Amino acid sequence: MYAQMVKTAGSGVKDRDEMSEQEQDFQDRIDRGEKIEPKDWMPDNYRITLIRQIGQHAHSEVVGQLPEGNWITRAPTLERKAILLAKVQDEAGHGLYLYGAAETLGVSRDEITEDLLAGRMKYSSIFNYPTLNWADMGAVGWLVDGAAIINQVALQRTSYGPYARAMVRICKEESFHARQGYHIMMKMASGTPEQKAMAQDALNRLWYPVLMMFGPSDKESVHTAQSMAWKIKMDTNDELRQKFVDQTVQQIEYLGLELPDPNIKWNDETKQYDYSDPDWTEFFDVIKGNGPCNVDRMAARNKAWDDGKWVRDGLMAHAEKKAAAKVAAQ
Amino acid sequence: MDASLFQYLLRLGDNTLVLGHRGSEWCGHAPVLEEDIALANTALDLIGQTQLWLGLAAEVEGKGRDADQLAMQRDIWDFRNLLLVELPNGDFGRTLMRQFLFDAWQVINLGRLMNSSNPRVAEIAAKASKEAAYHVERSADTVVGLGDGTEESHVRMQAALEYLWPYVGEMFLGDEVDAAMVAAGIAPDPASLRAEYDALIGRVIKTATLEIPDSSFAHKGGKTGAFHTEHLGHMLCSMQWLQRAYPGASW
């Protein structure tokens, strides 16, 4: 899940008799499963919440290049390097579609980028964790993209048309990412003792941060009800997390790695796996800026933006000169 | 013949390997998202070409090595790339100017290699030249956009050109390996590419309102392996680290 803890604008779900007629019609369209399109009327709070959510999702794609970029230069073979380059190129492309979707709601990419760089908007907590060995490139594809897919598959049915369509396209690419990640893990887990140790280390280190990607437990999640009524959010955090655990445990077993949590056990009554909750104190620390890499990630993005200003200005100035010359020639 | 062809193929493969690696160093740090995508895309093409050139080099060598072993397990003195491509990225302007100066040569050279007497060389060149044509279009556009942009972007692009210019001449210097390739009809005489190259970059640099430095001095030693810059060793430290630290592992 690349957007977490998105604060839903407004004061919670309105009863039908509190809604204006326009709001009632809007809610009816959503309840009928219709898609809302950019030019349609929508409540301000729906618009604001979507900008937050899509913007955070876009920022996650962009910041998410950094932990993988950390290993592109050290990829062990030409093929791995090529695959990783293709993958980060996809991520940047996802950022573009998502910023495009956000722009249909009336904000510019530059505006929300400035919000990110000033710390007013967030990106997924997962990218505040470091990538420390090569198996992390496997674990990121398999677990991080795997978790993102679970969320994003659900979001293909989200009520806002441009967001839903972006998700369809993104999901196709994400499943390639998850497969290449798992392939790296298979190589590592069946490799030399050192490679197997790297695979286990990556799994152990990233397991709980990945569980945190789905956001806090439902009982603490204050934003869910209205976003679900608007079909901006399709399932609760705990439902999605459970789905992830259930699909991943068997994949861990297939790799022959040890489970990262000794409390993972099949529960015959609930027909799902029990597992330990992540340390939510750590999660809130990361969200507040105190994760292992928050400072470095934001410094890197700010540096890229500041160092790139002359390039953006230069290309813009040239485009304006060309446009002016074209007008003069007519 | 095979020894010369092996050397020649290393030159082609090492150019794309080293420049592709340099491009990949930008990941996540470009001035704007479109440039992140373009840099990664170009790097990806170059690494793909590397697999083909070094793969063929390994076959020609016939010692049981493969493209990965050539990329990851040779030391600096066995690298045969032009010095131009191993220079550090510098700012975005220098990276794109270097890309352009290389792309312009690459697209011309590949065009000639498509008529190589060696069908394998001709086949790889045909595939790579489609990518190179796109690369030079994009890098030329960016050089023009930034050269003829703001005052600051103009000054930076001129500085980039001046820094890189002494590394351009090496592309056109021939040696006994080139002579053997010419004799066998495999590859063109490097000097024969110069006029077309000068015409191409002359047009672009002029449109970019920049000036080609008035000097024909050329650093050399990269393509012959006589000596590289100090920068290449540091690149190999990162690029080859896993293969060196865990020899024999399969990744």
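Guide: A contact here means heavy atoms within 4.5 Å. The model is predicted.
Visitor: Which residues does B:Phe100 touch, leaving out those up to four places away in sequence?
Guide: B:Phe100 touches B:Val136, B:Ser139, B:Ala140, B:Val143, B:Ile201, B:Val204 and B:Ile205.
Visitor: And which residues touch the most other members of the largest nonpolar core?
Guide: B:Phe100 is one of them, along with A:Trp134, B:Met97, B:Leu101 and B:Tyr197. That core has 140 residues. Another core, of 31 residues, lies apart from it and includes A:Ile36, A:Tyr46, A:Ile54 and A:Leu105.
Visitor: Aromatics next. How many aromatic pairs are there over all chains?
Guide: The structure holds 17. One of the pairs is A:Phe26 with A:Trp41, edge-to-face, at 6.0 Å centre to centre and 85° between the planes.
Visitor: What does that pair tie together?
Guide: A:Phe26 is in helix H1 of chain A and A:Trp41 is in the loop between H1 and helix H2, so the pair ties together parts 15 residues apart in sequence.
Visitor: Is A:Phe26 buried or exposed?
Guide: A:Phe26 is buried, at 3% relative accessible area. A:Trp41 is partly exposed, at 37%.
Visitor: Now the largest pocket. What is its volume?
Guide: About 480 Å³. Its lining has 22 residues, and the closest to the centre are A:Arg109, A:Asp110, A:Arg312, B:Val32 and B:Glu34.
Visitor: Which helix gives the most to the lining?
Guide: H13 of chain A, with six residues.
Visitor: What is the lining by class?
Guide: 12 nonpolar, one polar and nine charged residues.

Note on methods: Residues numbered from 1 in each chain as written. Chains lettered and ligands numbered in written order. Predicted model: local features only at pLDDT ≥ 70, side-chain atom pairs only at ≥ 80, totals over all residues. Heavy atoms only, no water. 1 Å grid on protein atoms, 1.4 Å probe; cavity = no way out; pocket = protein on both sides within 12 Å on 5 of 7 lines; lining within 4 Å. Points joined across faces, edges and corners; volume = space filled by probe spheres on them. Helix = DSSP H or I, 4+ residues; strand = E, 2+ residues; numbered from the N terminus. Nonpolar A, V, L, I, M, F, W, Y, C, P; charged D, E, K, R; others polar. Core = buried A, V, L, I, M, F, W, Y, C linked by side-chain atoms within 4.5 Å. Buried < 20%, exposed > 50% of the residue type's maximum accessible area, 1.4 Å probe, protein only. Phe/Tyr/Trp six-rings, centres within 6.5 Å; stacked < 30°, edge-to-face > 60°.
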